[in-house]
Amino acid sequence: SFVGGFLKSHLTEVYGEAGSGKTQVGLSTVCYNASIGHGAIYLVSEDVPQRRIRQFADFFSSPTTNTPNTTSADQAAELSVWSKIVLDRVFIRKVPDLDSLLAALSPSSLDTFAKANNVNVIVIDSIADRKSV
């Protein structure tokens, strides 16, 4: 049966026209991985989509149980706590040009950090037409 996902230790390119959902795939990938206990690195060359990241963190942070007599304020507080846990595992770095991207991906910059933070996915968003300065 088809389960989906990306192969571990493989490079996967997602491409398409503007507005086709590439950033959605990247954001859902990092937030899902963070929600199951892994770190995730999100490298972005444009503005960091903070609101959208928060929406995905909220989506993947649904409370584990529905307790009877729990108020919506209690549920919102629990969601906020879980959402923060997810967001604490998503490491965002702005890489405005190719040199910045290559520096972020260099083994000396990445290896220790990735191991220390249990990172299992790196998403690079919007690198098309980025030239070295």
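## Arginine 54 and aspartate 58

Arginine 54 is partly exposed, with 36% relative accessibility. In this predicted model, arginine 54 forms a salt bridge with aspartate 58, with an N to O distance of 3.0 Å. Aspartate 58 is also partly exposed, at 25% relative accessibility.

## Faces of helix 2

Helix 2 spans residues 50-59, and its buried residues include Ile53, Phe56 and Ala57. These three cover an arc of only 100° around the axis, so they sit on the same side of the helix. The face turned away from that buried side carries Arg51 and Phe59, both exposed.

## Other salt bridges

The structure holds three salt bridges. One of them joins lysine 94 to aspartate 47, with the closest N and O atoms 3.6 Å apart. Lysine 94 belongs to strand 2 and aspartate 47 to the loop between strand 1 and helix 2, so this pair ties together parts 47 residues apart in sequence. Lysine 94 is partly exposed, with a relative accessible area of 43%, whereas aspartate 47 is exposed, at 64%.

Lysine 84 and aspartate 88 form a salt bridge with a closest N and O distance of 3.0 Å. Both lie in helix 3 (residues 72-88), four residues apart, or about one helical turn. Aspartate 88 is partly exposed, with a relative accessible area of 47%.

## Largest pocket

By class, the lining has 18 nonpolar, 10 polar and five charged residues.

How values were computed
Residues are numbered from 1 along each chain as its sequence is written. This is a predicted model: local features need pLDDT of at least 70, side-chain atom pairs count only at pLDDT 80 or more; totals for chains, interfaces and linings use all residues. Side-chain values use heavy atoms; hydrogens and water are left out. Buried means under 20% relative accessible area, exposed over 50%, partly exposed in between (1.4 Å probe, protein chains only). Helices (H or I, at least four residues) and strands (E, at least two) are DSSP runs, numbered from the N terminus. The arc is that of the directions from the helix axis to the C-beta atoms. Ala, Val, Leu, Ile, Met, Phe, Trp, Tyr, Cys and Pro count as nonpolar, Asp, Glu, Lys and Arg as charged, and the others, Gly among them, as polar. A salt bridge is a side-chain nitrogen of Lys or Arg within 4 Å of a carboxyl oxygen of Asp or Glu.
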